[in-house]
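Try each one yourself before reading the solution.

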Amino acid sequence: MNFDFSDDQKMLKEQVKRFLEDKSSLDKVRKVLESDADYDEALWKGLCELGVAGAAIPEEYGGLGLGALELCVVAEELGRAVAPVPFSSSIYLAAEAIRLFGNEDQKSKWLPKLASGELIGTLAAAEGVQAPSPKNLKVTFKNGKLSGEKLPVADGNIAGVAVVLCHADGHAALALVDLSAAEVERAPVTTIDPTRGHARIDFKDAPAELLGDPAEGWANYRRVEAGAAVLFAFEQVGGAEASMNMAKNYALDRYAFGRQIGSYQAIKHKIADMYVKLELARSNCYYGAMVLSDEAHDLELAAATARVAATEAYRFASQENIQVHGGIGFTWEANPQFHYRRSKLLALVLGSAARWKERLVAELERINAA
C-alpha cells in the first residue's frame with residue numbers, strides 16, 4: 001500500500017491539533033468531567049467556527065466540500081485531545097447518513113445546520129446489549145410515525161435530530177426524526193466516560209420520515225457504520241498515541257532509587273509494546289482511509305481491520321499508561337483516567353471488539369470463497 005495524506009490534509013491536522021491544545025487541555029476536559037455539563041459548548045462552537053464540522057459536507061449545503069480524508073485527520077486529533085464534543089455522532093453518523101441517502105429536501109433542511117453546529121445530530125441503532133440486525137429491531141416506522149425505544153444513544157441527550165434504524169414495511173430502514181417533537185422522551189444514561197453523554201430515547205408515535213429506500217435500509221446502515229468505524233479508529237489511534245506519550249514523558253521525569261524509571265527494562269518494554277500496537281493500528285487505519293476516500297468495494301474489510309487493531313491499541317496503551325504511572329495513576333487527581341475512560345467507551349461504539357472481529361473473519365471467509 002502506497003498511501004499518505006496530502007500536504008493540505010497534514011496542514012489541517014496541525015491546525016486542529018494546535019487549536020485543541022489551546023482550547024481543550026486535559027485540565028479543561030477535567031472541568032467537564034467534574035461538572036454537570038453534557039459537553040464543552042465553547043469548544044464545540046470553536047470547532048464549528050473553524051469549519052471542521054462541515055469538512056465533508058458539500059458546499060451547496062454549507063460545508064467545505066472536502067472529503068473523508070479530512071475527517072480522518074480531524075478524528076485523530078479529537079482522539080488525541082479526548083475532546084468532550086459530539087463531533088462523531090453529529091458528523092460521522094448523522095450528517096454522513098443524510099449526505100449519502102437523503103433526498104434534496106432532507107439535505108437542504110438538515111445538512112447546513114449540522115455543518116454550522118447550530119444543530120447536533122446522532123444515529124440511534126442499538127436497542128440494548130444485543131447487536132442490531134434486520135430480525136431483532138423492535139422500533140417500528142408506520143404511517144409516518146416512529147414507535148419504540150433506543151438505548152444507548154450517543155449524544156442522544158443533546159441532539160436535535162436523529163437517524164434511527166427501524167423496522168419498516170418488512171425491512172430494516174433508516175428514518176429521520178426531529179428530537180424536539182413532543183412525542184419523543186429522553187433520559188440520560190450513565191457511562192464510564194461522562195464527557196460523552198448517552199441517553200435512552202423513547203419514540204411514542206413520533207413524526208418521522210424515511211431516509212432512503214427502505215428496501216436498501218440495512219445496506220445503507222452498514223455503509224454508514226463502516227465509514228464511521230474507520231473514523232472512530234482514527235480517534236482511537238490519536239488516543240493511543242497520546243497515552244503512549246503521556247507514559248513516556250512520565251517515565252523520563254519520574255525518578256526512583258536515583259534513576260529515571262524509564263531506564264528500567266520493564267518500563268521500556270511497556271512503552272515499546274504500546275508503540276508496536278500503535279503502528280499496527282495506524283497502518284490499518286491508513287488502509288481504511290484510502291478505501292473510504294475511494295469508495296472502494298472492500299470498505300467492510302478495511303473498516304473491520306482498522307477497528308479491531310485500533311481498539312486493541314487504545315485499550316493497551318491507556319491501560320499500560322496507568323501502570324507506568326504506578327499508584328498515582330489510579331487516582332482521581334491523575335490524568336491517565338481520561339484516556340482509559342475514553343478507550344473503554346469507544347471500544348463499544350458501533351458494537352464490541354468481539355463483534356468487529358467476527359465481522360472481520362466473516363469478510364475474510366467471503367473473500368476467500370469468492
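**Exercise 1.** What span should the 17 residues of helix α11 have at 1.5 Å a residue, and how far apart are its end C-alpha atoms?

*Solution.* Keep in mind that this is a predicted model. Start with the helix, which runs over residues 353-369. The expected span is 1.5 Å times one less than the number of residues, so α11 should span 24 Å. Its end C-alpha atoms are 24 Å apart, which agrees.

**Exercise 2.** Find which residues of α11 are buried, and what they pack against.

*Solution.* First, pick out residues under 20% relative accessible area: in α11, R355, W356, R359, L360 and E363 are buried. They cover an arc of only 140° around the axis, so they sit on the same side of α11. Next, look at the face turned away from that side, where E358, E365, N368 and A369 are exposed. Finally, follow the buried residues to their partners: they pack against α7 (217-253) and α9 (299-325).

**Exercise 3.** Which residues have the most contacts inside the largest nonpolar core?

*Solution.* The core has 119 residues, and F87 and L146 have the most contacts inside it. The element giving the most to this core is α7, with 15 residues. Now take L146: beyond its neighbours within four places in sequence, its contacts include V139, F141, V164 and F203.

**Exercise 4.** Which residues lie nearest the centre of the largest pocket?

*Solution.* Of the 34 lining residues, A126, P152, L348, V349 and L350 lie nearest the centre. The pocket's volume is about 760 Å³. To finish, look for the largest share of the lining: β3 provides it, with four residues.

Technical notes:
Residues are numbered from 1 along each chain as its sequence is written. This is a predicted model: local features need pLDDT of at least 70, side-chain atom pairs count only at pLDDT 80 or more; totals for chains, interfaces and linings use all residues. Side-chain values use heavy atoms; hydrogens and water are left out. Helices (H or I, at least four residues) and strands (E, at least two) are DSSP runs, numbered from the N terminus. Buried means under 20% relative accessible area, exposed over 50%, partly exposed in between (1.4 Å probe, protein chains only). The arc is that of the directions from the helix axis to the C-beta atoms. Contact means heavy atoms within 4.5 Å. A nonpolar core is a set of buried Ala, Val, Leu, Ile, Met, Phe, Trp, Tyr and Cys residues joined through side-chain atoms within 4.5 Å. On a 1 Å grid over the protein atoms alone, a cavity is a set of points where a 1.4 Å probe fits but cannot get out, and a pocket is an open set with protein on both sides within 12 Å along at least five of seven lines; lining residues have an atom within 4 Å of a point. Grid points are joined across faces, edges and corners, and a volume is the space filled by probe spheres set on the points.
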